[in-house]
Amino acid sequence: MEIGTMIKALQDPMGIPFYPVLFQVLMVLTFALHIMFVNFVLGTSFLSVYGYIKGDDYWKRLSKSMIRATTANISMAILLGVAPLLFVQVVYDPFWYASNMISGAWVMAFILIMMLGYSMVYVFYLKRDSRGGGFAAFGIGALALFILAGIIMHVLGYQLLQPEKWFGWYISGNSIDTSGTALHTFHIPRFLHFMIPSFALTGVFLMLYAWYFKDRADSDKEYLQWVARMGAKMAFVFTAIQAGVGFWWLFSLPLEFKFFVNPFFLVGAGLGVSLLFFLNNAQKDPFKYAVPAVIGAFLTVFGMSYTREALRMTYLRRFDYSIFDYKLNIDLGSTALFLSTFVMGLIIAGYMLTIAYKSGKTTGEYVPSPSIDKWGKISIALLLAWIVVVVSLGVVTSVRNYL
Ligand code: HEM
């Protein structure tokens, strides 16, 4: 059977419940957020280990803050990884599932790797001040496990793009390999393109950290100056390296793709170069540039994430596959529930972030203003209403299925 026909036969016969462009935009947006937090995880955990080993006063302090930040960043990275996982399964289901099956053992190991990595971060965070100083091993172990998790995700995403090779990976000689223990392909420039930004984005993270604490009564201005300057330098140097890696990746792509004239690539690269110039200016006054630097970094990552999606569309066009041809089976009810859950999530997450932001700025006890208090009450009411709606829908649907 021809590959394109086989792929179409593997699609969900029910079709998808809304226009594919919605799933694509949300998939790219949530992937951009996911990869940003992944980069924060890798960068902050690296700095915490480095600072711990280096051991002078400023580095020790920074190491402590960074490992604390890693615990929050890893939760966000996981949370924001689930969303693109669901979207990719909706519009690229034949590819994603096939790639997962070919390396099934690694897909299952991924969960254990994440659990172990997460636990090791906490051991390092809680025990780092104990006597003996041997706890760096936990930080290093966690970092290694997170990189391994990234390798697995990279391989799954890259195997997905090459259905012409699946058969050869699945059949070895005269026998079928159902073990799922092999990772079949790896593309160094592509992988590095997602790893190097860990240092650039963590540089921006440090700028933001220094900016955030600078107005607190108990802050140490000299220490924060040191952090801000180092952050701005890291952000600039690694964005420059990242641009180089980006071109390496571009030139390693099949020439027939003509990807260098792809409009998504041109916009993504334009954003990257603009960020580089901006970060160069930021060296003068990292505090002033901290907030725009985060916005600029996010826009660049979003542009690059869309470029990655445009590249996937280019790879899969060879098999006559486009998500825009997916069979439509419009279901307004489930789409409305999905979108209202999304908006509700934004309202609730916004409330929690506001509380975290404001309470961290005060040295004493934080008392929320009446409007923030109201926001909190609305968030709880929304959450309760959502639980009632979803549970009722579940019960009604189950009962109707039995009748
Ligand atoms: C710290 C651990 C993690 C690291 C270092 C990591 C890293 C990465 C990288 C580098 C990619 C891009 C691969 C490529 O396109 O070549 C990626 C994609 C992805 N990650 Fe993560 N990841 C981590 C955790 C997670 C978790 C826990 C989830 C799910 C809950 C997840 C879900 C995804 C998904 C679904 C994609 C692909 C999205 C798509 O193809 O559009 N990741 N990750």
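Mentor: Before we start, residues are numbered from 1 along each chain as its sequence is written, and side-chain values use heavy atoms, with hydrogens and water left out. As the model is predicted, local features need pLDDT of at least 70 and side-chain atom pairs count only at pLDDT 80 or more, while totals for chains, interfaces and linings use all residues.

Trainee: What makes His-34 a donor of the iron atom of the ligand?

Mentor: Donors are N, O and S atoms within 2.8 Å of the metal (3.2 Å for Na, K and Ca). The NE2 atom of His-34 is at 2.3 Å, so His-34 counts as a donor, the only one from the protein. Water is not among the atoms, so sites may look incomplete. His-34 sits in helix α2, residues 20-54; helices are DSSP runs (H or I, at least four residues), numbered from the N terminus.

Trainee: Where else does His-34 turn up?

Mentor: In the second largest pocket, which holds about 930 Å³ of space. Of its 41 lining residues, His-34, Gly-81, Phe-110, Ala-149 and Met-153 are the closest to the centre. Helix α3 (57-91) gives the most to that lining, with nine residues.

Trainee: Why is one space called a pocket and another a cavity?

Mentor: Rolling a probe the size of a water molecule over the atoms shows where empty space is left. On a 1 Å grid over the protein atoms alone, a cavity is a set of points where a 1.4 Å probe fits but cannot get out, whereas a pocket is an open set with protein on both sides within 12 Å along at least five of seven lines. Lining residues have an atom within 4 Å of a point. Points are joined across faces, edges and corners, and a volume is the space filled by probe spheres set on them.

Trainee: How many cavities of 30 Å³ or more are there?

Mentor: Three, in a search of the whole structure. The largest has a volume of about 600 Å³ and 33 lining residues, with His-193, Gln-242, Gly-272, Thr-300 and Met-304 nearest its centre. Helix α12 gives the most to this lining, with eight residues.

Trainee: What makes Arg-61 and Asp-57 a salt bridge?

Mentor: The term needs a side-chain nitrogen of Lys or Arg within 4 Å of a carboxyl oxygen of Asp or Glu. Here the closest N and O atoms are 3.7 Å apart, so the pair qualifies. The two are four residues apart in helix α3, so about one helical turn separates them. Asp-57, Arg-61 and Asp-220 are also linked in a network of salt bridges.

Trainee: What does the salt bridge of Glu-164 and Arg-318 tie together?

Mentor: Their closest N and O atoms are 3.6 Å apart. Glu-164 lies in helix α7 and Arg-318 in the loop between α12 and α13, so the pair ties together parts that are 154 residues apart in sequence.

Trainee: Why is Arg-216 called buried?

Mentor: Buried means under 20% relative accessible area, exposed over 50%, and partly exposed in between (1.4 Å probe, protein chains only). Arg-216 has 19%, so it counts as buried. Its salt-bridge partner Asp-218, at 2.9 Å between the closest N and O atoms, has 48% and counts as partly exposed.
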